[in-house]
Amino acid sequence: MPVDCVCRDSASLRREWLVMEDIILEAINLSYTYPDGTRALKNISMKIKRGRKIAVLGANGAGKSTLFLNFNGVLRPQTGKIFFKGREVRYNRAGLTELRTGVGIVFQDPDTQLFSASVYQDVSFGALNLKLPLAIVNRRVDNALRGTDTYHLKDKATHFLSYGEKKRVSIADVLVMEPDVIIFDEPTACLDCRNTLQIMTLFEGLNKSGTTLIMATHDVDVTWAWADEVFILKDGSIEGAGSPERVFADEPLLRATGIETPIVMEMYDRLRAVGFIEEPSPIPRTKQELFALIEKSPPLSFKIAAPIAP
Amino acid sequence: MLHIDQYAYLSRLRGEDPLLKVLFTSATMGICLWADSVLISLLVIISMASVTVFVGGISGRFYGKLLLIPLSFLVVGVLTIALDVSRHPAGFLCALNFAERYVGITVPGILRAVRLFCQAFGCISCLYFLSLTTPLVDLLAVLRKLRVPKLIVELMGLVYRFIFILLDMADAIYTAQASRLGYATVRSGYRSLSALASMLFIRSYKQAQDLYAALESRGYDGELRVVEPNYTVALEKYAVVVFCECLLIACAVIVHRCGGSG
């Protein structure tokens with residue numbers, strides 16, 4: 001918080017503060033109830049920092065998709081506000097266009113997103129909606145297709161693609177708009193290992209180039225390896241938030257929300273508990289980091305510390 | 001039938017200017033209908049089939065099988081045309097007597113039927129050429145170029161895309177039902193089928209809503225703007241097509257002059 005904030009109105013204060021913290025997207029006291037009476041979001045507040053990798057964990061029906069549709073302006077919150085780049089979102093044409101240009105969603109099922117029978121045309125849709133000149137649209141579509149490794153599919157029919165290919169095309173659909181924030185609704189669900197790895201590599205590249213990524217997932221291991229920040233959503237409320245180290249160390253929280261501990265973290269804790277890893281080191285995030293740590297530790301120390309209480 | 005679509009994508013003529021293909025198809029079909037002659041119809045059938053199979057690279061076996069599909073409809077339709085009704089038994093090759101009327105086959109009747117049969121087959125071969133070389137996406141581009149209202153073209157595109165999703169859905173539901181003996185008896189079969197139909201309806205509705213949300217999130221404002229496929233318009237190819245059509249017209253005129261319209 002700025003110190004000299006006495007004589008400023010609250011709106012400009014907020015703007016300044018957001019810029020200082022570099023918060024790109026923020027929800028304040030967001031609530032959303034569907035017409036059938038389902039209270040999908042209950043008073044949610046969250047801040048998304050620019051350039052971060054954010055994981056949103058939660059069971060099916062926890063409200064993740066509703067939250068994302070609110071972030072993109074497809075749904076309008078009944079109470080609460082959304083701020084994008086420090087400014088409150090206005091629900092008129094200009095405001096929505098700005099929000100949707102800045103925040104893209106990749107939906108869980110690519111079949112709901114791909115509306116055209118031609119891959120190239122489907123990807124071009126978002127870019128054309130930005131009213132860009134045709135030459136730039138073509139260049140962006142080519143880039144998006146190359147970036148998702150789908151350029152060879154550009155003349156193919158959408159319905160002849162495999163699930164993994166459709167998924168990558170649906171990502172290209174959003175990349176073509178070059179948004180600041182991309183929201184992925186369970187991007188690795190139903191994907192095989194190769195495709196998952198390919199998509200996670202793609203995410204890494206996107207994040208390096210400055211894009212803020214939000215990912216809904218069930219996979220705690222992917223979250224542990226990937227995320228800078230974790231939000232845990234349950235029944236429309238945020239139950240926990242913070243760095244993965246903090247969130248996954250909070251056992252009561254994990255119990256209450258039914259979320260498991262990531263295997264790498266659990267292994268590390270056990271190895272430390274039995275004294276195999278002695279020196280306090282940064283907690284490994286991936287299998288490889290854990291293995292490196294194990295290889296570094298002297299095997300003797302394990303023998304000495306071996307007797308453990310059953 | 002969905003294979004047609006797959007073959008259209010594999011055809012060697014896929015990359016050609018779709019407007020040219022539409023022009024070629026409609027002109028040939030028009031001439032075939034106008035000439036109303038067995039010889040011209042046969043010429044159209046042979047040339048269209050060879051262009052589709054040899055130039056387009058569609059397997060001959062598949063093409064033959066495809067031709068068999070409309071054959072049964074055609075035979076039934078044409079048979080009724082071959083029949084004549086008269087009060088006098090004269091002129092019939094063979095006839096049945098029904099209460100002072102004769103129903104049977106006459107020579108002009110047969111000729112009429114053969115001419116119509118060939119004409120219809122000629123048109124079918126023209127349409128097969130188009131559908132086996134041109135994916136629907138390209139046809140939609142042609143329709144847009146021809147200034148067909150946007151709404152119709154957009155709807156055609158969406159319907160086409162969602163046929164496949166609907167089929168996948170129906171297939172998945174059917175398999176799920178069949179694996180639980182949903183179609184073991186006629187009775188349960190009917191029950192499962194009705195559940196399948198209502199399920200499909202509900203899911204399509206949901207799918208449409210989801211699609212709308214997804215389109216909106218990408219900036220949809222009432223118009224599905226997409227980049228049109230880019231084809232090189234080669235005037236010499238147009239010239240070749242025009243030349244072929246002129247040749248066909250000339251043939252038709254000659255056939256008529258020689259009185260060989262039958």
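**Strand pairing in chain A**

Q: Which residue does F83(A) stand opposite in β5(A)?
A: In this predicted model, F83(A) has E88(A) of β5(A) standing opposite.

Q: And how many bridges join β4(A) to β5(A)?
A: Two bridges join β4(A) to β5(A), and these strands run antiparallel.

Q: What does K85(A) do in that hairpin?
A: The hairpin of β4(A) and β5(A) has two residues between its strands, and K85(A) takes a positive phi near 50 degrees there.

Q: Okay, what's the strand order in the sheet?
A: The sheet is open and consists of four strands of chain A in the order β2-β1-β4-β5, with antiparallel pairing.

Q: Why is one side of β2 and of β5 left without a neighbour?
A: Strands β2 (39–49) and β5 (87–88) of chain A stand at the edges of the sheet and each has a single partner strand, so one side of each is left without a neighbour in the sheet.

Q: What about β1 and β4, how many bridges there?
A: Strand β1 (residues 23–33) and strand β4 (residues 79–84) of chain A run antiparallel and are joined by five bridges; S31(A), for its part, stands opposite T79(A) in β4(A).

Q: Switching to helices, which strands does α2 lie across?
A: Helix α2 (residues 64–71) of chain A lies across β1, β2 and β4 of chain A, and runs at about 60 degrees to β2(A).

Key:
Residues numbered from 1 in each chain as written. Chains lettered and ligands numbered in written order. Predicted model: local features only at pLDDT ≥ 70, side-chain atom pairs only at ≥ 80, totals over all residues. Heavy atoms only, no water. Pairing = 2+ DSSP bridges. Contact = heavy atoms within 4.5 Å. Axes fitted to C-alpha atoms, helices over the stretch in contact; angles between N-to-C directions.
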